[in-house]
Amino acid sequence: MKIAPLADVKTRLSNYINLTQKGPVIVTKNGHPRALLAAVPENEDDLERLVLALTPKFRKIIDAAYRRIQSTGGIRHEDFWRQF
């Protein structure tokens with residue numbers, strides 16, 4: 001993982017994009033992390049999963065579902081498919 005200031009990334013973006021093949025690059029502004037540069041997966045399904053995982057609204061839905069499962073114990077596999 002590399003950490004780089006925004007000003008440097010702006011002037012050498014192509015170089016930083018190449019660096020993402022080795023690992024993510026954290027972009028900082030005024031010394032604080034502000035963005036993440038990461039290589040895009042070649043597989044479209046993996047790319048879709050990555051985009052969803054980084055989407056705040058989707059994360060909220062998943063987190064709420066996880067909390068419901070933890071508090072209620074969820075439903076049995078067979079019951080799920082029966083209702084589905």
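Contact means heavy atoms within 4.5 Å. The model is predicted: local features need pLDDT of at least 70, side-chain atom pairs count only at pLDDT 80 or more, and totals for chains, interfaces and linings use all residues. Residues are numbered from 1 along each chain as its sequence is written, and side-chain values use heavy atoms, with hydrogens and water left out.

**View 1**
Thr-20 sits in the loop between helix 2 (13-19) and strand 2. Helices (H or I, at least four residues) and strands (E, at least two) are DSSP runs, numbered from the N terminus. Thr-20 has a relative accessible area of 8%, so it counts as buried. The classes are buried under 20% relative accessible area, exposed over 50%, and partly exposed in between (1.4 Å probe, protein chains only). A polar atom of the Thr-20 side chain lies 2.5 Å from the backbone oxygen of Ile-17. Leaving out residues up to four places away in sequence, Thr-20 touches Val-25, Leu-37, Ala-38 and Ala-39.

**View 1. Val-9 in helix 1.**
Helix 1 spans residues 6-11 and includes Val-9. Val-9 is buried because its relative accessibility is 6%. Its contacts, not counting residues up to four places away in sequence, are Ala-4, Tyr-16, Val-27 and Leu-37. Val-9 and Leu-37 are 28 residues apart in sequence, with their C-alpha atoms 10.0 Å apart in space.

Val-27 has Ala-35 in strand 3 as its bridge partner. Two residues lie between the strands of this hairpin, and Asn-30 takes a positive phi near 55 degrees.
Thr-28 also belongs to strand 2, residues 25-29. Thr-28 counts as buried because its relative accessibility is 13%. Beyond its neighbours within four places in sequence, Thr-28 contacts Ile-3, Ala-4, Pro-5, Leu-6, Pro-33 and Arg-34.

**View 2. A nonpolar surface patch.**
Val-40, Leu-47, Leu-50, Val-51 and Leu-54 make up the patch, with about 420 Å² of accessible area together. Areas come from the Shrake-Rupley method with a 1.4 Å probe; for residues, only the protein chains shown count as cover. Patch residues have over 30% relative accessible area and no salt bridge; like charges are joined within 9 Å, nonpolar side chains (Val, Leu, Ile, Met, Phe, Trp, Tyr) within 5 Å. Val-40 lies in the loop between strand 3 (32-37) and helix 3 (44-53). At 57% relative accessibility, Val-40 is exposed.

**View 5**
A salt bridge puts a side-chain nitrogen of Lys or Arg within 4 Å of a carboxyl oxygen of Asp or Glu. The count comes to five salt bridges. Arg-12 and Asp-8 meet at 3.8 Å, N to O. Arg-12 is partly exposed at 38%, and Asp-8 is partly exposed at 25%.
Arg-59 and Asp-63 meet at 2.9 Å, N to O. Both lie in helix 4 (residues 56-72), four residues apart, about one turn of the helix. Arg-59 is partly exposed at 34%; Asp-63 is partly exposed at 33%.

**View 3. The network around Asp-79.**
Salt bridges link Arg-76, Asp-79 and Arg-82 in a network. The closest N and O atoms of Arg-76 and Asp-79 are 3.3 Å apart. Arg-76 is exposed, with a relative accessible area of 51%. Asp-79 is partly exposed at 21%.

Terms used:
Polar contact = N/O pair within 3.5 Å; in protein donor to acceptor, adjacent residues only side chain to side chain. Pairing = 2+ DSSP bridges.
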